[in-house]
Structures are given as structure tokens and as C-alpha cells.
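Here is a short note for a colleague who is opening this structure for the first time. Please keep the model in view while reading the points.

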Amino acid sequence: MKTSSFLIGPLPTEIADAARRVVNAGAADHELITVDSPGSSPCRHCLRWAQPGERVVLFPYAAIPSGHPYSETGPIFVHANECERYSATNEYPADFRNGRVFRAYDSKYNIIDAQIVNDNEPEVVIESLFQNPDTEFVDVRSITRGCFTFRVLRVGHAFGLPFDRVAL
């Protein structure tokens with residue numbers, strides 16, 4: 001098996017746990033939802049689709065920190081109950097092989113390339129985006145809703161995870 005040159009960066013547990021606390025405190029911008037249809041609510045922490053009947057927290061999230069032109073806040077989901085953070089970080093998550101757009105960013109958080117993944121191997125697209133030496137990280141987003149799904153980093157590279165600077 002080929003060793004991957006990239007790592008999958010799911011939402012950190014600290015952010016998922018904070019969203020769960022904030023929704024339970026009654027924050028207006030966090031909502032507790034019971035999933036009613038499959039494929040509607042992807043958890044950014046465990047990187048799998050929530051199933052009908054499961055509860056999720058819907059809350060605003062900015063993958064690119066404010067103060068940059070490409071910063072945007074959008075809705076994301078995490079399971080309302082604790083779930084195991086996606087740990088196969090050297091493997092592309094099976095649930096998100098289609099319906100995704102990959103946005104490549106440079107070190108100043110500017111978009112430098114983007115490709116849609118449908119009927120293509122996402123690993124091949126990621127590798128092609130990282131062929132550009134200016135690509136610092138790749139954000140994976142929904143094609144239809146535009147929502148952030150997860151971040152992809154080069155192996156051995158720590159840039160591009162501003163999660164510690166994101167307020168809930």
C-alpha cells in the first residue's frame with residue numbers, strides 16, 4: 001500500500017466539545033437538531049454522516065481566521081453526543097469521496113486553486129494540488145452547500161490549523 005503524503009485534519013475535539021457545551025447553554029447561534037434523512041448532516045469530528053434519529057449540533061465555524069479576504073463563517077455539524085475523532089488521518093474518509101470541492105490555499109490564506117471531486121479519486125486530486133509548492137493546505141468543502149468539511153495538510157507540515165484561534 002502506498003504511503004500518503006498528506007494528512008486529514010478533522011475538527012479538533014476541543015471545538016466539538018465546546019459546541020456541545022454552548023448549545024446546552026442555550027446560545028442562539030447553536031442549534032440541536034435530530035437528523036431526519038441520511039446524507040444530510042456530516043459530523044466534522046468523526047467524519048461520518050449522522051444517521052436519521054441521531055442528534056447533531058449545528059453551529060457557525062470559520063476555517064480561515066477573520067482578517068483574511070477568504071475568511072468566511074459557515075454552518076457545520078458535530079454529533080450532539082461524544083463521538084470518536086477521525087483517527088485514520090493518513091486515509092481519505094470514505095463518506096466524502098463525492099460531492100466535494102477542494103480549495104488549495106497559500107501561506108497567507110489566499111485560494112490559489114480549486115478542483116471538484118466527483119468520479120475522480122480524491123487522493124489523486126489532493127496530490128495534484130500539493131504539486132504546487134505554494135499550496136500550504138487544502139480545505140475540503142461541500143459542493144452544494146459550500147460548508148467546510150475538513151482540512152488536508154502535507155505530511156510533516158503543521159501550518160494551516162488555526163483551530164485554536166476560532167471562537168465558538
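1. Start with Cys46. This is a predicted model, and its closest cysteine sulfur to that of Cys46 belongs to Cys43, at 3.8 Å. A disulfide needs sulfur atoms within 2.5 Å, so this pair is too far apart for a bond. Cys46 counts as buried, because its relative accessibility is 9%, under the 20% cut-off.

2. How many disulfides does the structure hold? It holds zero. Cys147 is in no disulfide either. The nearest cysteine sulfur to Cys147 is that of Cys43, 14 Å away. Cys147 is buried, with a relative accessible area of 13%.

3. Cys147 turns up again at the largest pocket. Which residues lie nearest the centre of this pocket? They are Ser40, Pro42, Phe77, Arg145 and Cys147. The lining has 14 residues. By class, six are nonpolar, five polar and three charged. The space inside is about 230 Å³.

4. Now the aromatic residues. The structure holds seven aromatic pairs. One of them joins Tyr92 and Phe150. Their ring centres are 5.5 Å apart and their planes stand at 65°. An angle over 60 degrees counts as edge-to-face, so that is the label for this pair. Tyr92 sits in the loop between β6 (73–79) and β7, and Phe150 in strand β10. The pair therefore ties together parts that are 58 residues apart in sequence. Both Tyr92 and Phe150 are buried.

5. Compare Tyr105 and Phe137. This aromatic pair is stacked, with 5.0 Å from centre to centre and 10° between the planes. Tyr105 belongs to strand β7 and Phe137 to strand β9. The pair links distant parts of the chain, 32 residues apart. Are these two residues buried or exposed? Tyr105 is buried, with a relative accessible area of 0%. Phe137 also counts as buried, at 0% relative accessibility.

6. Tyr92 and Phe150 also belong to one aromatic cluster.

7. Last, helix α2, which covers residues 122–129. Its buried residues are Pro122, Val125, Ile126, Glu127 and Leu129. What covers them? The cover includes β1 (6–9), β7 (100–105), β8 (111–117), β9 (137–142) and β10 (148–154).

Technical notes:
Residues numbered from 1 in each chain as written. Predicted model: local features only at pLDDT ≥ 70, side-chain atom pairs only at ≥ 80, totals over all residues. Heavy atoms only, no water. 1 Å grid on protein atoms, 1.4 Å probe; cavity = no way out; pocket = protein on both sides within 12 Å on 5 of 7 lines; lining within 4 Å. Points joined across faces, edges and corners; volume = space filled by probe spheres on them. Nonpolar A, V, L, I, M, F, W, Y, C, P; charged D, E, K, R; others polar. Buried < 20%, exposed > 50% of the residue type's maximum accessible area, 1.4 Å probe, protein only. Helix = DSSP H or I, 4+ residues; strand = E, 2+ residues; numbered from the N terminus. Contact = heavy atoms within 4.5 Å. Phe/Tyr/Trp six-rings, centres within 6.5 Å; stacked < 30°, edge-to-face > 60°.
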